[in-house]
Amino acid sequence: MAAKNAEAITTSFARRLNGQVATITICRPSKLNSLNSHLLENLTNTFHEIPRKHSDLIAVVLTGEGAKSFVGGADIGEMGSLESPAAARQFITRVHHACKSIRECPVPVIGRVNGYALGAGLEVAASCDFRVASTNAVFGMPEVRIGVPSVVEAALLPGLIGWGRTRRFLMLGDNISATEALQWGLVEKVVEPNVLDEAVEGWIRHLEQNGPLAVRRQKALMRQWEQLGLDEGVKAGIPAFGQSFESEGPGGLSEPSRLMNEFLATKEKSKKSKL
């Protein structure tokens with residue numbers, strides 16, 4: 001695990017039954033883990049490198065250091081010093097690249113939202129595949145209050161919470177609680193802070209029970225669904241399904257062949273034990 005300092009992206013790994021789980025932590029607690037250019041570039045690089053170096057990766061957990069904040073937003077000090085439209089475009093492109101690297105991670109990314117998720121922090125959370133929040137989490141898109149629109153991965157919000165709530169959220173700039181975020185569909189689960197890790201662990205256990213290649217293919221297919229119309233999205237599932245039966249496992253068996261045979265064998269064994 002990388003050594004922590006006042007401003008870093010740290011990564012740790014936990015060995016599981018059929019692979020590894022990485023935990024990526026955004027560490028800048030004195031600034032509510034707000035993202036400056038340095039952290040944005042490191043976060044992007046981390047999400048690119050980990051899947052390449054760890055082929056047995058089954059999930060990534062993304063969180064912020066401490067109990068107060070997930071990501072408090074983009075660094076307002078740095079944004080306030082931007083001197084031209086070109087510099088502004090360059091900074092916001094870094095935010096986009098960080099969010100895009102999360103979305104393009106080949107395995108599920110679980111957002112462990114342990115506190116404030118504001119502005120760019122909410123865009124980072126929305127880029128995760130699913131999110132569990134502590135009851136003390138606060139969500140908001142306050143950009144209009146500091147003179148800029150919410151952009152880049154804020155475009156994911158209508159798909160999560162609908163257009164009406166997105167308009168209210170982005171144009172009014174008000175914060176909402178974790179309970180309201182759950183009601184809106186912005187997060188999938190809310191728990192007390194002391195059981196946040198337990199909730200994450202529960203999802204990881206479910207992922208472990210699935211075919212790892214199937215999970216990766218499912219995520220890739222869902223990314224296509226986001227970009228295609230309905231008819232094209234339906235058709236995209238046909239090659240994805242066929243691809244699953246390529247021989248990639250021990251003994252030349254495909255993952256579905258192996259798992260289906262194991263399921264049938266277990267069912268047959270259970271039937272015999274009842275005779």
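The legends below describe close-up views of a predicted model.

Residues are numbered from 1 along each chain as its sequence is written, and side-chain values use heavy atoms, with hydrogens and water left out. Because the model is predicted, local features need pLDDT of at least 70 and side-chain atom pairs count only at pLDDT 80 or more, whereas totals for chains, interfaces and linings use all residues.

**View 1. The antiparallel pairing of β8 and β9.** Strand β8 (residues 138-140) is joined to β9 over two bridges, and valine 138 stands opposite serine 177 in β9.

**View 2. Cysteine 99 and cysteine 128, neither of them in a disulfide.** The structure holds zero disulfides, a disulfide being a pair of cysteine sulfur atoms within 2.5 Å. For cysteine 99, the nearest cysteine sulfur is that of cysteine 128, 8.9 Å away. Cysteine 99 counts as buried at 0% relative accessibility, and cysteine 128 is buried with a relative accessible area of 5%; buried means under 20% relative accessible area, exposed over 50% and partly exposed in between (1.4 Å probe, protein chains only).

**View 3. Helix α6 (residues 163-172) and its buried face.** Thr166, Phe169 and Leu170 are the buried residues of α6; they fall within an arc of 85 degrees seen down the axis, so they line one face of the helix, the arc being that of the directions from the helix axis to the C-beta atoms. These buried residues pack against α4, β8, α5 (157-161), β9 and α7 (178-184), while Gly164 and Met171 are exposed on the other side of α6. Glycine 173, whose phi is positive, near 75 degrees, follows α6.

**View 4. The buried residues of α10 packed against α9 (212-227).** In α10, Gly233, Ala236, Gly237 and Ala240 are buried, and they cover an arc of only 115 degrees around the axis, which puts them on the same side of the helix. On the other side of α10, Asp231, Val234, Lys235, Ile238 and Pro239 are exposed.

Notes:
Pairing = 2+ DSSP bridges. Helix = DSSP H or I, 4+ residues; strand = E, 2+ residues; numbered from the N terminus. Contact = heavy atoms within 4.5 Å.
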